[in-house]
Amino acid sequence: MLKRTQLRHLPMVERIPRPDGLRLLLTPNRSMTWHGNVRIWLCLFAISVVITTGFSLAGAWVIVPFAGLELIALAFGIYLTSRDCQRREVLTINDTDIHIEKGMKQKQAEWTLPRRYARLRLDAPAHPFTPAKLSLTHRDTDVPLGQFLNIDDTAILVDFLESRGVVVERKEPDPQIGLWF
């Protein structure tokens, strides 16, 4: 079994050594597990039931359907967020190719780009609090990369790919765009 070592101890960019090259695993920041999210929802459900029961006994029974709708909307939001946090991107870099795989629970899309001619396009952000947008390009193929990474992890990924010989094309933001646009 391959030993996984984290790149600079950050869980969003994980380096997995391979005999024929290197594999990077990119994942969104999952601050809580699915079971943790369910526990939070159950606590909010219990609080809502107590409050709704109190208002119902006081004669404000009209609050009951709205409390139910609120809990359904919250559960749906938690589900969508947790599902979106299951995304993965796997970059396999060897001597000749860069292989990219994307998916949630299984591989849903993949690309293979020649390492020698592939470029990492870095679109610098217009705002200092947002990460740069990355994409690996070759001819007419443009693969967005790490859209869920934060600023630090994006910089780590760029530095790492650049150290592996991938050419980085930096595009600066339009100076006419203001800070608030």
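Q: Which element gives the most to the lining of the largest pocket?
A: Helix α2 does, with four residues. Keep in mind that this is a predicted model.

Q: How much space lies in the largest pocket?
A: About 360 Å³. The lining is made of 15 residues. Closest to the pocket centre are R30, W34, S82, C85 and Q86. Two elements each give two or more residues to this lining: α1, spanning 34–57, and α2, spanning 63–84.

Q: What is the make-up of that lining by class?
A: Seven of its residues are polar, five are nonpolar and three are charged.

Q: Now the surface. Which residues form a nonpolar patch there?
A: The patch consists of M32, I40, L44, I47, I51, F55 and L74. Together they have about 600 Å² of accessible area. Helix α1 supplies the largest share, five residues.

Q: Next, charges. How many salt bridges does the structure hold?
A: The general idea is that side chains of opposite charge can pair when their charged atoms come close. This structure holds seven salt bridges.

Q: Which side chain meets R87 in a salt bridge?
A: That of D84, at 3.3 Å from N to O. A salt bridge needs the nitrogen within 4 Å of the carboxyl oxygen, so a pair is judged on that distance.

Q: What is the distance between K107 and E110 in their salt bridge?
A: Their side chains meet at 3.4 Å, N to O. K107 has 47% relative accessibility and counts as partly exposed. E110 has 42% and also counts as partly exposed.

Q: Which salt bridge links distant parts of the chain?
A: The one between the side chains of R119 and E169, at 3.8 Å from N to O. The partners are 50 residues apart. R119 is in strand β7, residues 119–123, and E169 is in strand β10, residues 167–171.

Q: Which residues are linked in a network of salt bridges?
A: R121, D123 and D142 are linked in this way.

Q: Last, the backbone. What is the phi of R139?
A: Start with the general rule: most residues other than glycine have a negative phi. R139 is a residue other than glycine, yet its phi is positive, near 50 degrees.

Q: Where does R139 lie, and is it buried or exposed?
A: R139 lies in the loop between two strands, β8 (133–138) and β9 (141–145). Exposed means over 50% relative accessible area. R139 is at 79%, so it counts as exposed.

Note on methods. Residues are numbered from 1 along each chain as its sequence is written. This is a predicted model: local features need pLDDT of at least 70, side-chain atom pairs count only at pLDDT 80 or more; totals for chains, interfaces and linings use all residues. Side-chain values use heavy atoms; hydrogens and water are left out. On a 1 Å grid over the protein atoms alone, a cavity is a set of points where a 1.4 Å probe fits but cannot get out, and a pocket is an open set with protein on both sides within 12 Å along at least five of seven lines; lining residues have an atom within 4 Å of a point. Grid points are joined across faces, edges and corners, and a volume is the space filled by probe spheres set on the points. Ala, Val, Leu, Ile, Met, Phe, Trp, Tyr, Cys and Pro count as nonpolar, Asp, Glu, Lys and Arg as charged, and the others, Gly among them, as polar. Patches are made of residues with over 30% relative accessible area and no salt bridge: like charges are joined within 9 Å, nonpolar side chains (Val, Leu, Ile, Met, Phe, Trp, Tyr) within 5 Å. Accessible areas come from the Shrake-Rupley method with a 1.4 Å probe; for residues, only the protein chains shown count as cover. Buried means under 20% relative accessible area, exposed over 50%, partly exposed in between (1.4 Å probe, protein chains only).
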